[in-house]
Amino acid sequence: MENTAKDNVFIGGVEGGASSSTAVIYDGSGKLLSECTGPSLNHWIIGMEECQKRINDLIQDAKQKADIPPERSLNSLGLSLSGCEQESTNNDLKTGLIEKFDNLSKAYFVCSDTIAPVASVSDEGGMVIISGTGSNALLRNPDGTVHQSGGWGHLLGDEGSAYWISWKAIKIVYDEQDDLQTPPADTSYVWKAIQNYFKISSRFDILPHMYSSFNKSNVAGLCQHLAQGAEEGDALCLWIFREAGISLAKFLIALGKKSHKSLTEKDLGLPIVCVGSVWKSWKFLESGFKHEMDTNPLAVKKCSLIRLKVQVATGAVYLAAKNIDFDLPRTYENNYTLLYKYIKKKPL
């Protein structure tokens, strides 16, 4: 990038999941100028044209909040979005933005929503485990190689996510009522939570929510009420969250086997960025997570779970800056806090 006054450089970043999105704009000195939120940007769910329109609307809103004239293009824009795992569709997204919105950005970097979280905390690589509405995990090694596990949506995956926790709770209750399975604990609290959340009185009333009027984010919303149940000590809620912890540990084990030695030998061990609202219930996930790590011989010996103090979109900004060879000032250590450090105990 040609020499330009840092206060005249504007770099944007967008993080978009299945339920919502966030945009930020930084100036060339590394100062955050604005932040705003918007709806889902997954083009597989809303369509490519609608996705492009929403991105433009979101950035125009962020530019207004940053006092950047609407006709002024960003120098670069990073898009870290759910559904952007394929180069061909990423190129379609970028091409459409260039053709339709002249004043959006001069350059673009498009990637999956699993890429920006790692970029937020290190330029040497690491792992991210997303557990929000859905779930996904990615490892980036120092040599740039990338490995992924999960991310297949609610029909094929989403283990350990808010949707999966909600679905599992519903399934356990309905299997008991159908006399198919004995539940691991009393279902009274969970059945009442299901009835209250979906506003249903009979079992059959849930069918529109799961089929004709299905909305993944809506089903996932039940998870918050199950977390409240765990807070109150309900045994079934606690059991389900423990199972979610096991599922999230399996992502770590699957990808940890492919991590470079230079990552695992750091003081923190393998750094794992934990993204998504389910991680707020870590105290209920911990026992299952730790059990899976302790009992699986393939698990890494040392790792640290970290939570971001900045928006994931900040990582998209860093990627956008790198895309135009612009050295954007940053201090990675200020971007995260330690959630949990795991060290595998040696057998007696």
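## Strands, sheet and helix contacts

Strand E7 (residues 135-140) and strand E8 (residues 146-150) run antiparallel and are joined by five bridges. The model is a predicted one, in which local features need pLDDT of at least 70 and side-chain atom pairs count only at pLDDT 80 or more, while totals for chains, interfaces and linings use all residues. Residues are numbered from 1 along each chain as its sequence is written, and side-chain values use heavy atoms, with hydrogens and water left out.

**Hairpin**

- Leu138 stands opposite Gln148 in E8, where strands (E, at least two residues) and helices (H or I, at least four) are DSSP runs numbered from the N terminus, and two strands pair if DSSP finds at least two bridges between them.
- E7 and E8 form a hairpin with five residues between them, and Gly144 in the turn has a positive phi of about 95°.

**Open sheet**

- Five strands form an open sheet in the order E3-E2-E1-E4-E5, with mixed pairing; its edge strands, each pairing on one side only, are strand E3 (32-39) and strand E5 (108-112).
- Strand E4 (residues 76-81) pairs with E5 in the parallel sense over five bridges, and Leu77 stands opposite Tyr108 in E5.
- Helix H3 (residues 87-100) packs on the sheet, touching E4 and E5, and its direction makes about 145° with that of E5; contact means heavy atoms within 4.5 Å, and angles run from 0 to 180 degrees between N-to-C directions, with axes as lines fitted to C-alpha atoms, for helices over the stretch in contact.

**Helix pairs**

- The axes of helix H11 (residues 235-256) and helix H13 (residues 282-295) come within 6 Å and cross at roughly 45°, which makes H11 oblique to H13 (angles under 35 degrees count as roughly parallel, over 145 as roughly antiparallel, 65 to 115 as roughly perpendicular and the rest as oblique).
- Residues of H11 that meet H13 include Leu238, Phe241 and Arg242, and those of H13 include Phe284, Leu285 and Glu292.
- The axes of helix H6 (residues 162-177) and helix H7 (residues 188-198) come within 10 Å and cross at roughly 115°.
- Ala169, Ile170, Val173, Tyr174 and Gln177 in H6 meet Val190, Trp191, Ile194 and Phe198 in H7; by class, this contact has eight nonpolar, one polar and no charged residues (Ala, Val, Leu, Ile, Met, Phe, Trp, Tyr, Cys and Pro count as nonpolar, Asp, Glu, Lys and Arg as charged, and the others, Gly among them, as polar).
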